[in-house]
Amino acid sequence: MTLVYPRRQRQLESLIRRLGLPTGLPIKWELLDLALTHPTVSDLANYEQLEFVGDAVVRLAAAIVLWETYPDCPVGDFAAIRSVLVSDRILAQLAREYGLELYLLVAGSATSDKIGQESRLADAFEAVLGALYLSTKNLELIRPWLDFHFKKLATEIRLDPARLNYKAALQEWTQAEFKVLPEYRVTEVNQSNQNQERFAAEVWLYDNKLGEGKGRSIKAAEQAAAKVAFLAIPQPENS
């Protein structure tokens with residue numbers, strides 16, 4: 001592994017303290033340094049592989065929080081809530097809360113790319129989780145500070161069902177099962193009254209209609225159709 005220079009070590013320790021963790025824990029600092037190195041800095045030594053690991057880690061952390069906090073919640077709602085918790089928007093938001101951009105090494109035109117900032121921060125956040133997980137091969141460096149955010153966000157989402165992202169949950173399922181994205185077909189069914197459900201959406205997979213729904217906007221109609229489709233997916237029986 002690459003040596004972490006003293007100045008960089010102090011920066012990484014500062015981030016760990018921001019997370020509320022003591023710096024004496026068994027953290028693999030070289031991995032954390034790598035997790036905060038954008039590909040523009042190095043083609044080989046960057047956060048991409050750790051991001052791959054962190055993507056699985058953040059999904060696992062979110063799933064455990066939901067399972068522990070809402071033991072009676074339907075699996076469909078679990079998946080829809082988790083898809084929001086692990087979205088780029090939420091992960092970038094958490095990255096900003098901890099000032100991750102202060103520690104992320106970025107070079108070239110990416111430094112001024114404001115449009116790509118959200119995805120950069122989300123990717124780096126996942127990479128940091130990957131580095132922390134690989135330091136101990138468990139979630140003990142992650143759950144003490146991440147659980148709070150996920151519990152708070154999950155509560156907010158459950159109080160506002162409109163935030164549930166059934167489109168993302170359905171897409172995740174179709175990609176895993178069939179390696180293809182669902183297709184949405186939207187029509188305008190009510191032009192006269194803006195306060196009524198104006199759009200109707202159908203969601204299709206190949207030649208099969210999975211669900212349909214209506215909404216005041218195209219996005220709302222697609223979410224309604226995705227919810228019908230996702231909740232109709234047969235769940236595996238408990239063994």
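This is a predicted model: local features need pLDDT of at least 70, side-chain atom pairs count only at pLDDT 80 or more; totals for chains, interfaces and linings use all residues.
Student: What does Lys209 count as, at 42% relative accessibility?

Tutor: Lys209 counts as partly exposed.

Student: Which residue forms a salt bridge with Lys209?

Tutor: First the general idea. Side chains of opposite charge can pair when their charged atoms come close. Here, the partner of Lys209 is Glu212. Their closest N and O atoms are 2.8 Å apart. Glu212 is also partly exposed, at 44% relative accessibility. Elsewhere, salt bridges with shared partners join Arg59, Arg82 and Glu172 into one network.

Student: How far apart are the closest N and O atoms of Glu172 and Arg59?

Tutor: They are 2.7 Å apart, and the pair forms a salt bridge. Glu172 sits in helix α8 (residues 166-178) and Arg59 in helix α3 (residues 48-69), so the pair links distant parts of the chain, 113 residues apart. Glu172 has a relative accessible area of 27%, which makes Glu172 partly exposed. Arg59 is partly exposed too, at 22%.

Student: How many salt bridges does a search of the whole structure find?

Tutor: The search finds 11. One of them pairs Asp33 with Arg8, with closest N and O atoms 2.7 Å apart. Asp33 is in helix α2 (residues 29-35) and Arg8 in helix α1 (residues 6-18), so this pair ties together parts 25 residues apart in sequence.

Student: Are Asp33 and Arg8 buried or exposed?

Tutor: Both Asp33 and Arg8 are buried.

Note on methods:
Residues are numbered from 1 along each chain as its sequence is written. Side-chain values use heavy atoms; hydrogens and water are left out. A salt bridge is a side-chain nitrogen of Lys or Arg within 4 Å of a carboxyl oxygen of Asp or Glu. Helices (H or I, at least four residues) and strands (E, at least two) are DSSP runs, numbered from the N terminus. Buried means under 20% relative accessible area, exposed over 50%, partly exposed in between (1.4 Å probe, protein chains only).
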